[in-house]
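Let's walk through this model together, starting with how its two chains meet and ending inside one of them.

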Number of protein chains: 2
Amino acid sequence: MTKANVDSLDLSLQSKKDNTRRNFFRKTVLYSASALACANILRPVKLKADDLAITEQAKWGIKLGDKVDKYPYGIPSPYEHNNIRRVHDLLSSGDRYATVSMSPLHEQEGIITPNGLFFSRSHGGTAHIDPSKYRLMIHGLVKKPLVLTLDELKRYPSESKIYFIECPANGSTGWRGPQFNNLQFIKGMMSCAEWTGVRLKTILDDLGLKASAKWMLAEGSDNSEMARTIPIEKALDDAMIVWGQNGEALRPEQGYPVRLLLPGWEGNLNVKWLKRLEFSKKPWHSKEETSKYTMLQANGKGINFFWPMEVNSIITSPCPEKPWKNLKKGDLVEISGIAWSGRGTIKAVDISLDGGKNWTEVSLKGLVLPKAWTRFSYIIKWDAKEKIIISRAIDDSGHIQPSIDKLIQNVGVEGIYHRNPIVGWQVKSNGEVNNVHIRS
Amino acid sequence: MTKANVDSLDLSLQSKKDNTRRNFFRKTVLYSASALACANILRPVKLKADDLAITEQAKWGIKLGDKVDKYPYGIPSPYEHNNIRRVHDLLSSGDRYATVSMSPLHEQEGIITPNGLFFSRSHGGTAHIDPSKYRLMIHGLVKKPLVLTLDELKRYPSESKIYFIECPANGSTGWRGPQFNNLQFIKGMMSCAEWTGVRLKTILDDLGLKASAKWMLAEGSDNSEMARTIPIEKALDDAMIVWGQNGEALRPEQGYPVRLLLPGWEGNLNVKWLKRLEFSKKPWHSKEETSKYTMLQANGKGINFFWPMEVNSIITSPCPEKPWKNLKKGDLVEISGIAWSGRGTIKAVDISLDGGKNWTEVSLKGLVLPKAWTRFSYIIKWDAKEKIIISRAIDDSGHIQPSIDKLIQNVGVEGIYHRNPIVGWQVKSNGEVNNVHIRS
């Protein structure tokens, strides 16, 4: 299925349910050049005088370009200066040490977030650790407690896996009503990368975990001394100690040189600048799991430990920052977005063009991996009529994204964590896109 | 199999052939903590006085760290200043416009190369193109010739795929005998990324390719006006026009804003700063496919068009830049590396510890995708004896990496392109690693 999945993204962009449409489109896209020309992915364009000049040497080609060794470590084109992470006063009250810098999802494609754009949440600023001074202590209920240097840690067999990390507050901004008219501030507290490190279970097998160990404390060495308690089942499942991110060392704001990675679980649990793992019979109830990061319910009580990030999805094209420009009636246009679930693998994504009255199952495209971003896609013929486009994801654990009203029934209106309702966009007849909330 | 592949990397790191060993190791690594402790992945470490201080606030944690918004576009830790691309006088004769900057493979893990470290080859320096001025002309034997803006190009349904790109001269440095004692200068003319763009076939279906079109010219708008001829079969197979690289816009040195991507084929064919595709009945014989990039054979004649990159592999850990430090006899240690093939998917990798007398099939780990880097891994018990470690890869097209002598029989000793012989390292008893060539 690796092959099948890779191949299946090629052009099978249509719904599995809506067979008539799908077959029409498949035929159109795959086989019939003339039909597609009629369908106008691109309208015929007459060559203009200045277009013809394309066969001449371009202005930027007349001179030699930059020397190849100008940037031993490369940087983006200066024309991409707006493609950056952003913070917002509303979420940081002017304090730039304990806040979150959000990822520009509207500019991203595929499932890899480049390291320079990976969202960043810190509780006491970004620590800068000299890797030669780095130590990781593993102690408590293990037979062979020890302190590891970075070189010693890297002696363990490594694995590389693609996982998302998401702040549990992602989507909390205005989830009960439109607040930001902007994808970046609505869903930008998440990113996805290929992580390299060692499975925690491999280390624990080596050190000898005692049978009485039921909980693990993970503690960071940054200014906030971020500390969280993890149940032993997760530590022995897919938890990793990672030092690599998209093929290079972790970035400072991701915990350089070492962080904990708990695939699919709340971002704050993936403790950065990791200095200590302690195993114990009971949980710790640290400040960050009592004063923060508890899961408020409708009855006003909070659940102390609530870890996995819910099944979720968002349409990233179009979005307020990326409206449909210059579309004419009859043009084909792609709706695409990201689905993800901390409980497993995305199984299906539905799209509605009328605010939730009718749904169509759309195609997943590209790699479909557990606890990783999964891209979905649906091609429509633009009718130049205003519509409300929303998406809902289903994962292989059986969870489905709830409506806002259903979520409010379960968790009330006060909390800000684990809010994964169906949200979407109003697309106006001129292609402009706005944030609207769908109550159903 | 997406799932199976992902799961199978977990700890099944041993040979499929060598069942006795594999079962021993599997049991060791997977099930028996005490056996593993005996096997010494890590030797027991006594807590030292300064280790105990780890429970106190670290020096870098006493003060607040950097503000979260200090780098809207993030950069690596200053401690990683040596993890950079490098050029070499021997390969560029002091000219830094038409040369290659090689990727630090010894520092990379997983299959994604971060954009800042992606190898860069240029024939006239890095062009800087204003995306609003960018145009792509598609003409010749198509029914609907046109000139596209970048926005128009991005209207096509996009795909994201992980592919390597490799210069055909990769491995040419000293392939007949040790020249560099350094992985970066031996194999660093390649990288692997997730690319986003449109399948060329989708565009051609839209524009209506005429049946008489047999060849495509791809021309760049940089100072070298790089131009190459591509057979129509490849254009209609997996060729893409890409604008995205690891989730963001292409980097300038990768052809911002648009390059051609011909998965698995010579790097220079993946024309950067792409301005024109022309379709014709006959090939062009451009300067870069006559004076350069021809495939010299043993009889002294060159093959004009020779496109796919051969099946290949290299051990990246250990390597000269990454020796085995502080290993003691009896310690377990991982040998790992990269395999790739421009003809398809890696099927198997063998490792020899004695310069090619005996071979063991080792495990592939992580994602195994067509025309993408594939990681392999083998754990050995260190016996503190000098050894020659080499790897050979086999792909699903039936190709296998040849020995240097076998390759010389086929292609002679003068050429520098498409040299994919089995190469390897001498590991000395003190863990030092040197480049040695294996004649067999």
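What follows goes from the pairing of the chains to the domains of chain A.

A word on conventions: this is a predicted model, in which local features need pLDDT of at least 70, side-chain atom pairs count only at pLDDT 80 or more, and totals for chains, interfaces and linings use all residues. Residues are numbered from 1 along each chain as its sequence is written, while chains are lettered from A and ligands numbered from 1 in the order in which they are written.

The same surface serves both copies, since 100% of the contact residues of chain A recur in chain B.

How many residues does the contact take from each chain? Chain A gives 118 residues and chain B gives 118 residues, with contact meaning C-beta atoms, placed from the backbone, within 7 Å. On the chain A side, helix H3 (residues 33–39) supplies the largest share, four residues; helices here are DSSP runs of H or I with at least four residues, and strands are runs of E with at least two, numbered from the N terminus.

Now look within chain A. Its domain assignment, which is automatic or from a database, gives domain 1 (89–293) and domain 2 (312–436). Their centres, taken over C-alpha atoms, are separated by 27 Å. Each domain of chain A puts 26 residues into the contact between them. On the domain 1 side, strand S5 (159–166) and helix H8 (183–187) of chain A are the elements that give two or more residues, and H8(A) gives the most, with four residues.

Note on methods:
Contact = placed C-beta atoms within 7 Å.
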